[in-house]
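Hello,

Here is the structure I promised to pass on to you. Have a look at it first, and then read my notes below with the picture open beside you.

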Amino acid sequence: MTKATARAYPNIALVKYWGKRDSTLMLPLTGSMSMTLDDFPTTTTVERAPDATTDTFELNGEVMGGEPLRRVIAFLDIVRARSGVNDHASVRSKNEVPTAAGLASSASGFAALALAASKAYGLPLDPAEVSRLARRGSGSATRSVIPRFAVWRAGDDETSIAVPIEAPDMRMIVVVVDAGGKEISSREAMKRTALTSPFHDAWVTSTEQALESMIDSCADQDFTRIGRITETNALRMHATIQACDPPIRYLSPQSVAIFDRVRSLRDSGIETYATADAGPNVVAIARPEDAEAVAKALAEFGSVRVMAPGPGAELLSDSEAL
Ligand code: PMV
């Protein structure tokens, strides 16, 4: 089999990954925890091309060059080194995530690419190995290999993988306030945070603690505690990023207004908590029975989607190849 197609979904972290211990091996400074979504997938076909002299990458029907192509080539170099198969490949992807809008298109993208490339190049297909490989493309992709809820441990090259964790059923209400590109990539911003934010060390320590509390809260099925940890950890990440020199601010006035609205919903008895990644979009979490009420209340801020825990990366049949 020299051609394979896979699909993966974005994930949203409840305890965030923000900072690398090793940027070549993509080892994070801390562990993180996320929910994989059930919509906005990326589908990717990898087709080995033994006669080609270079890799090619097509995204949503458009031939890509520059940084996106460079990242795909760098990833395929790792696949070639691991498999001992030196063929170049053509990669075709379809992304249903608004690209670079803080909704982690790189997570679904590299998780799908890792699984399709593993199959096409004859690498192991078990989730642990695919997660370990996906990590090299994009840190958050490590977790998108796993269905529903995942914990990604900091670890070393062998052990820094995501594994499933049981958590109470919940919904994510994704509010897309701005589907345009973000100003500064998470890669660059993480670097600047480590170099210039005076809050960086406190971020690392508090996130390690947050992850342990999150794991306990999941075991206890304690949605209230999960929500509190989620919102606090997100705001701490943004505070740490805002303290960079020069400063970086991902949250827009609109994003802040959504955090305020989420708090007022809580005050009125609908239990919901907010988080946001490296962009202005905000994601609220709620129990399944409250999700529609939260979605309705947040609709004034932008387009709103309710998402449930979704599947992990999965192989598709040839008939679904791009
Ligand atoms: O791996 P990246 O570059 O997609 O990093 C993503 C970082 C955050 O989305 C902000 C947090 C996270 O844990 O997903």
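Before we start, one term: a polar contact is a pair of N or O atoms within 3.5 Å. Please also keep in mind that this is a predicted model.

**The ligand**

Let's begin with the ligand. Which residues come closest to it? The shell has 14 residues, and the closest are Tyr-17, Ser-138, Ser-140, Arg-143 and Ser-186. By type, the shell divides into six nonpolar, five polar and three charged residues.

In Ser-140, a polar side-chain atom is 2.7 Å from an oxygen atom of the ligand. The side chain of Ser-186 has an N or O atom 2.6 Å from a ligand oxygen. With Tyr-17 the backbone takes part: one of its polar backbone atoms lies 2.8 Å from an oxygen atom of the ligand. How much of the ligand does the protein cover? On its own the ligand has 380 Å² of accessible area, and the protein covers 93% of that.

**The cores**

Next, look at the nonpolar residues inside the protein. The largest nonpolar core has 50 residues, and Trp-18, Val-46 and Tyr-250 have the most contacts inside it. Helix 2, which spans residues 105–120, gives the most to this core, with nine residues. There is also a second, separate core of 27 residues, which includes Val-151, Met-170, Ala-210 and Ile-226.

You will find Val-46 in strand 6. Is Val-46 buried or exposed? Val-46 counts as buried because its relative accessible area is 0%, and the cut-off for buried is under 20%. Leaving aside neighbours within four places in sequence, its contacts include Thr-2, Lys-3 and Ala-4, as well as Leu-113, Ala-116 and Ala-117. Ala-89 is also in contact with Val-46. Along the chain, Val-46 and Ala-89 are 43 residues apart, yet their C-alpha atoms are separated by 6.5 Å.

**Two threonines**

Strand 6 covers residues 42–49, and Thr-43 sits there too. Thr-43 is buried, with a relative accessible area of 2%. Its side chain makes a polar contact of 3.0 Å with the side chain of Arg-7. Beyond its neighbours within four places in sequence, Thr-43 also touches other residues, among them Thr-5, Ala-6, Ser-93 and Leu-322.

Thr-5 belongs to strand 1, residues 3–8. Thr-5 is buried as well, with a relative accessible area of 2%. Which side chain does the side chain of Thr-5 meet in a polar contact? The partner is Thr-45, at 2.8 Å. Leaving aside neighbours within four places in sequence, Thr-5 is in contact with Thr-43, Thr-44 and Ala-116, among others, and also with residues including Glu-314, Leu-315 and Glu-320.

**Helix 3**

Last, please turn to helix 3, residues 127–137. How many of its 11 residues are buried? The helix is mostly covered, with eight of them buried. Among these are Val-130, Leu-133 and Ala-134, along with Arg-132, Arg-135 and Arg-136.

Enjoy exploring, and write back with any questions!

Best wishes

Note on methods
Residues numbered from 1 in each chain as written. Predicted model: local features only at pLDDT ≥ 70, side-chain atom pairs only at ≥ 80, totals over all residues. Heavy atoms only, no water. Near = heavy atom within 4 Å. Polar contact = N/O pair within 3.5 Å; in protein donor to acceptor, adjacent residues only side chain to side chain. Areas by Shrake-Rupley, 256 points an atom, 1.4 Å probe, with all protein chains shown as cover. Nonpolar A, V, L, I, M, F, W, Y, C, P; charged D, E, K, R; others polar. Core = buried A, V, L, I, M, F, W, Y, C linked by side-chain atoms within 4.5 Å. Buried < 20%, exposed > 50% of the residue type's maximum accessible area, 1.4 Å probe, protein only. Helix = DSSP H or I, 4+ residues; strand = E, 2+ residues; numbered from the N terminus. Contact = heavy atoms within 4.5 Å.
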